[in-house]
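Please consult the sequence and the model while reading.

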Amino acid sequence: MEKKTLFKIGLILVAVSWGSGFPVTKIALDSGIAPNALMSIRFLVTALVLFIFLKIKGVAISKEEKRLGLGTGIVLGLAFSLQTVGLVYTTSSKNAFITGAYVVMVPFISWFLTKEKPKLSIYLATVICLFGIGLLSLEGDLSINYGDFLTFICAIFFALQMSLIGANISDKNPITVNTYQMLSAGILTLLLNVVFENFSIFTTRLNITQILAIGFLVVCNTLIAYLVQTAAQTYVPASTTSLILSTEILFGAITSVLFLGDPFTLKMVLGGILIFASVMIAERT
């Protein structure tokens with residue numbers, strides 16, 4: 001089996017893991033931990049594990065790898081901070097669906113970075129996706145929920161992170177890049193916790209629910225998932241990667257309905273269908 005095919009399978013498994021992460025994160029937040037405290041622990045623990053691995057293996061790290069990792073880590077940290085804070089104010093299933101909007105943004109950001117113009121079908125997919133997001137997030141008076149708004153902004157940052165990795169990873173070690181990416185994301189969310197969440201990361205005593213949630217997020221959703229994503233983008237284009245990973249919106253919605261009892265409404269179904277349809281149209285390019 002070709003490496004490209006293997007990495008595509010790996011990306012599907014990442015999508016399953018990320019989808020399951022939506023209800024896990026919601027459970028952790030509902031148990032009392034602050035959003036940026038949760039993200040900071042998640043990223044810094046992952047960075048520590050990766051640095052130990054690199055030290056044991058004696059891996060050489062270039063300045064370019066450090067710069068790419070630190071830069072994309074800031075973008076990633078902002079994305080996860082916005083997403084996690086947004087999750088406090090919206091449902092896990094809506095958070096998953098709206099986050100999935102990054103899939104139609106990636107080709108446009110990649111166009112800017114690589115000068116490869118998106119095909120006409122991408123424009124159609126973008127319009128359909130925006131309609132789907134509107135169905136999911138707009139309230140009866142056409143206002144938008146605060147959590148849904150933050151989630152939409154986070155999708156832009158996720159698209160930017162994926163595009164930056166895709167445009168720059170080809171000649172670099174994905175493990176070293178990811179190590180510094182986790183480090184800068186962890187430091188950023190730590191600073192956000194200090195500024196906006198009253199140093200709660202230093203005062204919160206973790207309970208068993210939070211420890212289990214953090215363990216899952218660190219091992220499955222961060223350490224393994226971002227190593228696979230970063231490595232996969234050496235062989236799989238950013239637009240294809242984003243399309244495969246966008247299936248997390250389905251896994252996220254399904255697990256949220258099953259395990260959190262999120263409402264399963266006609267509006268949610270129609271919005272989800274439109275977003276998923278936009279993904280399928282974009283995938284045909």
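**Two helices side by side**

A crossing is called left-handed if the near helix is turned anticlockwise from the far one by less than a right angle, and right-handed if clockwise. Helices are DSSP runs of H or I with at least four residues, numbered from the N terminus. The crossing of α3 and α7 is left-handed.

Helix α3 (residues 63–89) packs against helix α7 (residues 146–168) at an angle of about 160°, and their axes lie 8 Å apart. Therefore α3 is roughly antiparallel to α7, a description used for angles over 145 degrees. Axes are lines fitted to C-alpha atoms over the stretch in contact, with angles from 0 to 180 degrees between N-to-C directions.

**Basis of the model**

The model is predicted: local features need pLDDT of at least 70 and side-chain atom pairs count only at pLDDT 80 or more, while totals for chains, interfaces and linings use all residues. Residues are numbered from 1 along each chain as its sequence is written, and side-chain values use heavy atoms, leaving out hydrogens and water.

**Ser 256**

Ser 256 is located in helix α12 (residues 248–260). Its relative accessible area is 0%, so Ser 256 is buried (under 20% relative accessible area, with a 1.4 Å probe and protein chains only).

Ser 256 and Val 24 are 232 residues apart in sequence, yet 9.0 Å apart in space, C-alpha to C-alpha. Not counting residues up to four places away in sequence, Ser 256 touches Phe 22, Pro 23, Ser 92, Ser 93, Gly 261 and Asp 262; contact means heavy atoms within 4.5 Å.

Conventions
Helix = DSSP H or I, 4+ residues; strand = E, 2+ residues; numbered from the N terminus. Parallel < 35°, antiparallel > 145°, perpendicular 65-115°, else oblique. Buried < 20%, exposed > 50% of the residue type's maximum accessible area, 1.4 Å probe, protein only.
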